[in-house]
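Please walk me through this structure.

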Amino acid sequence: MNKPSSALIQYILPGDPTPRLGIQADGEVRRLPPQITAATMMELLENWDAYASVLESLDTSVLEPVHDAALVAPLTFPHKVICAGVNYYDHAQEMGTARPDSEADPFFFLKTPTTTIVGPYDDIQLPGNPASKVDWEAELAVVVGKTCKNASAEDALSYVAGYTVANDLSDRGLFPRAGAVFPAFSFDWFAHKSQDGFCPIGPGVVPSWLVKDPQTLAVQLFVNDELKQDGNTRDMVITIAKLVAAASRLLTLQPGDLILTGTPAGVGMPKGTFLKADDVVRVEIEGIGSIRNRMIGK
């Protein structure tokens with residue numbers, strides 16, 4: 001699966017845990033030019049209009065290489081992580097739901113940013129609860145670049161700075177809640193989606209101008225090198241533009257916000273297969289990159 005020519009990244013150096021902003025080009029981490037004074041990805045995105053033209057015309061070959069750099073999560077931390085549920089027809093089918101309506105409003109839920117987001121190669125600790133059943137969900141994530149409210153679907157992509165890879169880890173075992181006081185409380189979305197480390201992202205943010213068509217990208221996920229998910233963003237129920245527009249009608253989107261766009265078929269739940277200690281999960285999205293996370297036990 002082809003890799004991006006360049007992506008905006010955050011990295012750390014040996015002995016210094018402070019994330020620094022850089023660019024990864026041709027597999028090498030490089031420093032950004034002096035005219036980009038933002039220290040972090042969030043600072044860069046908060047001034048996206050000012051920096052985008054510099055980045056778009058940048059000759060990455062002249063940038064200074066950074067040795068001994070280790071990539072960390074490219075966004076620390078967005079204000080919001082918004083996720084679209086049941087947004088691939090084949091995933092809806094495997095989960096036994098009704099066929100989604102492409103003209104309906106999308107179903108959104110939230111993940112807590114500062115504790116779910118981890119880096120592209122970080123280990124992820126599985127929950128200690130014996131009832132937990134942790135599942136995988138490969139997803140293309142949209143990175144918002146400009147404040148956005150009530151956008152139209154026609155204009156929505158103009159607010160997108162770029163794209164990254166995400167894994168929307170989900171605890172199927174804690175999702176149903178026994179003894180709910182009311183049917184509306186029968187499902188625990190908080191425990192299901194927002195446990196520590198449940199949103200690995202990366203390896204970087206690929207600027208939107210390098211992604212010719214975000215609706216034609218191959219999405220794959222492997223567990224211990226075994227292919228589990230093999231989809232394409234063309235099969236989304238609701239397009240990326242319509243997702244951004246719909247989210248902006250509900251709340252104000254801010255620079256750096258992430259919108260996870262749903263997952264294709266191949267998750268573990270239909271087969272009763274869940275992640276265990278020492279499993280390695282790799283998510284690859286065409287033209288965006290690859291993340292690889294090892295699960296560790298308590």
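**A threonine and its surroundings**

The side chain of Thr 233 comes to 3.1 Å from the backbone nitrogen of Thr 216.

The model is predicted: local features need pLDDT of at least 70, side-chain atom pairs count only at pLDDT 80 or more, and totals for chains, interfaces and linings use all residues. Residues are numbered from 1 along each chain as its sequence is written, and side-chain values use heavy atoms, with hydrogens and water left out.

Thr 233 sits in the loop between strand S15 (226-232) and helix H6 (240-250). Helices (H or I, at least four residues) and strands (E, at least two) are DSSP runs, numbered from the N terminus. Thr 233 is buried, at 0% relative accessible area. Buried means under 20% relative accessible area, exposed over 50%, and partly exposed in between (1.4 Å probe, protein chains only). Contact means heavy atoms within 4.5 Å. Setting aside neighbours within four places in sequence, Thr 233 has contacts that include Tyr 88, Leu 140 and Pro 214. Thr 216 is also one of its contacts.

Now turn to the charged side chains. The structure has 18 salt bridges. A salt bridge is a side-chain nitrogen of Lys or Arg within 4 Å of a carboxyl oxygen of Asp or Glu.

One of them joins Lys 242 and Glu 103, at 4.0 Å from N to O. This pair links distant parts of the chain, 139 residues apart. Lys 242 belongs to helix H6, while Glu 103 lies in the loop between helix H3 (89-94) and strand S6 (107-111). Lys 242 is partly exposed at 37% relative accessibility. Glu 103 is exposed at 63%.

Arg 172 takes part in another salt bridge, with Asp 135, where the closest N and O atoms are 2.9 Å apart. Arg 172 is in the loop between strand S12 (170-171) and helix H5 (189-193) and Asp 135 is in strand S9 (residues 134-135), so the pair ties together parts 37 residues apart in sequence. Arg 172 is buried at 10%, and Asp 135 is buried at 0%.

Arg 172 also meets Glu 137 in a salt bridge, at 3.0 Å from N to O. Glu 137 lies in the loop between S9 and strand S10 (138-144), 35 residues from Arg 172. Glu 137 is buried at 6%. A network of salt bridges links Lys 111, Asp 135, Glu 137, Asp 168, Arg 172 and Lys 193.

How values were computed
A polar contact is a pair of N or O atoms within 3.5 Å; within protein, one must be able to donate a hydrogen and the other to accept it, and residues adjacent in sequence count only if both atoms are side-chain atoms.
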